[in-house]
Amino acid sequence: MCINKVCMTSPLEFIVGGDLRKSDETQDVIYPYTNRPYRAVFLADEKDAEDALECSAQGFLRTKKLSGYQKKEILDKLAGLIEQNQKEFVEILIKEGGKVRDLATAEVSRAVETLKISAEESVRLGGSLIPLDRTKAGEGHIGITRRFPVGPVLAITPFNYPLNLACHKIGPAIAAGNSFILKPASKTPISALLFGKLIIEAGYPKDAVNVIPCKTSIAEKMVSDERIRFLSFTGSPDVGWYLKSIAPKKKVALELGGNAAVIVHNDADIEIASRKIAVGALANAGQVCISVQRIFVQNDIYKKFIDALKSSMERIEFGDPEESGVILGPMISEDAASFAYEKVDESVFMGANITMGGSISGARFPPTILEKTTPEMSVNSTEIFAPVVSVRGYDEFEEALKYANESKYGLQTGIFTRDIGRVIKAFENAETGGVIINEIPSFRVDCMPYGGIKMSGTGREGPRYAIMEMTEEKLLVLNNLQ
């Protein structure tokens, strides 16, 4: 299946109950590098959303009966279909989101891997045998637990990793035996539409497959609808916590924002740390919820580290996302770049220094380093979601941990040190869902549990852990009647 076979002037249809649909309203998808339309998609209306909800409810009656080997076969086939369509997906990721070619290629490979891991986990939905004779009343009884699919899943995905994050939600949903509605980000819906078509081709029951770009108001109605049993949302904290508030009785997993910190102590390898941090700050134009944003450096090595970081950033290719080797491409839109730059400008007004960068052109935001920032500045207190870092010195390691924890967010923290005592102290005291040693906080592989605390969300992703979120445990008690 190749999306390029479709007339490039025709809006792309969405999917309801496995069938393609058109509507009276369309939306252009803009190529961020040129700020020109790439494609258009039809937008689902309220009637389409209602039909998708009903299809997901009816589809669940079929998906919940699928055996483990059937779900594994479907997921393995789906992974193979994405591999076969790799070139189409790469081109879509470049054009709909401005993702650089090498990163787009890596995202497709990760999506394949995420689905393969989901396939493996689909046949590992085990339970437990519980002896109940701990008390006299339990004599002659045994307990057995088993996990069952929770029901229709509403998956709302962001623009920054539109394919792999869809796989992180839909792969586990299929592995668990749930039907689903996938609502992609408005700026990057095209990869999700091709993904939906391949899910149908892979053999998942058609009425369980719904992919509908739609307005926010329609998505909110689906969130609160009682037929949706599980909400999986990745996006901004304000939106995520609001959606949870209108769905108080259903299971919810939120993967939200952050302003990730990295600590570089004086026993670290400065060259390695600076190279990794530069990539972690600039990859995907800094539009990653675990992108390096706040850097704390031990004062003994501060000047040497700043020089190394500037050198590392200067070596990073900045330009056309279609060219191989480019690491830093455009942000998702000119508005997003302007919004982020306002925070930089504000910090300078409040006393910060721009050590590198500090100007924008359209959606193109060059590498930017800030010094002499303070915690209350929005470049530190909010998620900037741009290729911008602030650097601050410290004396004692405990001081650095304190600085890193001065955030309402808590996704992942990176620590560069060779001292096991500091590693243990960081693990015990860092207020984040993950502590990453001698790596940047942007580190993620698709099998690991991933998620945050505080304002950064609730629940965990990674296929095994998402499947646990998307299933419910039931207990069976047997009396042997002897």
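Reader: Hi! What should I know about the model before we start?

Author: Hello! It is predicted, so to speak plainly: local features need pLDDT of at least 70, side-chain atom pairs count only at pLDDT 80 or more, and totals for chains, interfaces and linings use all residues. Residues are numbered from 1 along each chain as its sequence is written, and side-chain values use heavy atoms, with hydrogens and water left out.

Reader: Great. How much space lies in the largest pocket?

Author: About 1,000 Å³. A pocket here is an open set of points on a 1 Å grid over the protein atoms alone, with protein on both sides within 12 Å along at least five of seven lines, while a cavity is a set where a 1.4 Å probe fits but cannot get out. Lining residues have an atom within 4 Å of a point. Grid points are joined across faces, edges and corners, and the volume is the space filled by probe spheres set on the points.

Reader: And which residues are closest to the centre of the largest pocket?

Author: Phe159, Gly235, Ser236, Val239 and Phe385, out of 43 lining residues. Helix H7 (216–224), strand E10 (230–234), helix H8 (237–245) and helix H11 (334–349) each give two or more residues to that lining. Those elements are DSSP runs numbered from the N terminus, with helices being H or I of at least four residues and strands E of at least two.

Reader: How does the lining of the largest pocket divide by class?

Author: Into 23 nonpolar, 11 polar and 9 charged residues. Nonpolar covers Ala, Val, Leu, Ile, Met, Phe, Trp, Tyr, Cys and Pro; charged covers Asp, Glu, Lys and Arg; the others, Gly among them, count as polar.

Reader: Which helix gives the most to the lining of the second largest pocket?

Author: H4, with 5 residues. Helix H4 (101–122), helix H5 (164–176) and helix H9 (270–282) each supply at least two.

Reader: Now helices. At what angle do H2 and H5 pack?

Author: Helix H2 (residues 68–84) and H5 pack at about 155°, with their axes 8 Å apart. Axes are lines fitted to C-alpha atoms over the stretch in contact, and angles run from 0 to 180 degrees between N-to-C directions. H2 and H5 are therefore roughly antiparallel, a label for angles over 145 degrees, whereas under 35 counts as roughly parallel.

Reader: Which residues meet there?

Author: Lys71, Leu75 and Ile82 in H2 meet Cys167, Gly171, Ile174, Ala175 and Ala176 in H5, where contact means heavy atoms within 4.5 Å. They divide into 6 nonpolar, 1 polar and 1 charged.

Reader: Last one: how do the axes of H1 and H7 cross?

Author: The axes of helix H1 (residues 46–63) and H7 come within 10 Å and cross at roughly 25°, so H1 and H7 are roughly parallel to each other. Glu46, Ala49 and Leu53 of H1 make the contact with Ile218, Lys221 and Met222 of H7.

Note on methods
Angles under 35 degrees count as roughly parallel, over 145 as roughly antiparallel, 65 to 115 as roughly perpendicular and the rest as oblique.
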